[in-house]
Amino acid sequence: MADSYADQLRDGLDGQPYLLAALALFAELVRGAGGGPVADVGCGPGHVTAHLRDSGLDAFGIDLSPAMIEAARREHPGLRFDVGSMTALPLADASVAGLIAFWSLVHVPDHALPGVLGQFRRALRPGGPLLLGFHTGDSSRLKTAGYGGHAMKVYVYRRQPAGVAAALRDAGFAVEAQLLLGPDGSLPGAVLFARRQP
Ligand SMILES: C[S@@+](CC[C@H](N)C(=O)[O-])C[C@H]1O[C@@H](n2cnc3c(N)ncnc32)[C@H](O)[C@@H]1O
């Protein structure tokens, strides 16, 4: 599945002007906060990590799935990719200047969300930008097949931006902006910009 996903996502940012703009703004915010290492958490096959690197950021990826990390290393030789979980981030306190989680929080159940956002806060420097992308909605579902018909057992949680923003505030972030993606389409999403409070 990881290899099929890597095939599908290789050019996944092409034709995505809003995502590209969000990533460009995130890069500017990281530079404006002094620059430094940026963690792409739940990086999958690493196309966003590589894009951030091409934007001039010192980006590296972390993913729970060893197969995804293997695919990321193969797709982007020379970039750093580590196996790890966002529930126990293998990062020292205040060690990253920015953190991005693009459509990876969608696999985190509600009861685990505060702990994960706490991990993001712990790893980020005070004032460090956080960028979250996720599916919006009110339902969750068990995905049993995908990415070329492969069998899988993955829960996907959709959330409303206001709920995620509230969880971010509770975890010690200031929410600075939100972008709604395809709000009238069949797979709406959102990108939230937040910043670690001191
Ligand atoms: C839908 S993919 C998104 C991949 C990539 N960020 C993107 O934008 O295409 C979700 C990724 O989150 C990873 N993931 C799920 N739970 C995770 C966890 N607890 N810690 C780190 N990564 C996780 C999965 O292995 C998968 O690669």
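The following legends describe an overall view and several close-up views of a predicted model.

**Figure 1. Overall fold of the protein chain.** The protein chain contains six helices and nine strands (DSSP runs numbered from the N terminus, helices being H or I of at least four residues and strands E of at least two). Its radius of gyration is 16 Å, close to the 16 Å that the globule rule gives for 198 residues, so the chain is as compact as a globular protein of that length (taken over C-alpha atoms; the rule is 2.2 Å times the number of residues to the power 0.38). Of the 198 residues, 48% count as buried (under 20% relative accessible area, with exposed over 50% and partly exposed in between; 1.4 Å probe, protein chains only). Residues are numbered from 1 along each chain as its sequence is written, and side-chain values use heavy atoms, without hydrogens or water. Local features need pLDDT of at least 70 and side-chain atom pairs count only at pLDDT 80 or more, whereas totals for chains, interfaces and linings use all residues.

**Figure 2. The largest nonpolar core.** This core has 33 residues, of which Phe 120 and Leu 132 touch the most other members (a core is a set of buried Ala, Val, Leu, Ile, Met, Phe, Trp, Tyr and Cys residues joined through side-chain atoms within 4.5 Å). Elements that give two or more residues to the core include strand E1 (37-41), strand E5 (129-135) and helix H6 (161-170). Helix H5 gives the most, with five residues. Not counting residues up to four places away in sequence, Phe 120 touches Val 41, Met 86, Leu 89, Leu 99, Ala 101, Leu 105, Leu 130, Leu 132 and Phe 173 (contact means heavy atoms within 4.5 Å). Another core, of 19 residues, lies apart from the largest one and has Leu 13, Val 30, Leu 57 and Leu 181 among its members.

**Figure 3. The aromatic pairs.** Two aromatic pairs occur in the structure (ring centres of Phe, Tyr and Trp, with its six-membered ring, within 6.5 Å; planes under 30 degrees apart are stacked, over 60 edge-to-face and the rest tilted). Phe 102 and Trp 103 are edge-to-face, at 5.0 Å centre to centre and 80 degrees between the planes. Phe 102 is buried at 10% relative accessibility, while Trp 103 is partly exposed at 22%. Tyr 155 and Tyr 157 are stacked, at 6.3 Å and 25 degrees. Tyr 155 is partly exposed at 42%; Tyr 157 is buried at 17%.

**Figure 4. A charge over a ring.** Arg 80 lies over the face of Phe 60, at 3.9 Å from the ring centre (NZ of Lys or CZ of Arg within 6 Å of the ring centre and within 35 degrees of the ring normal).
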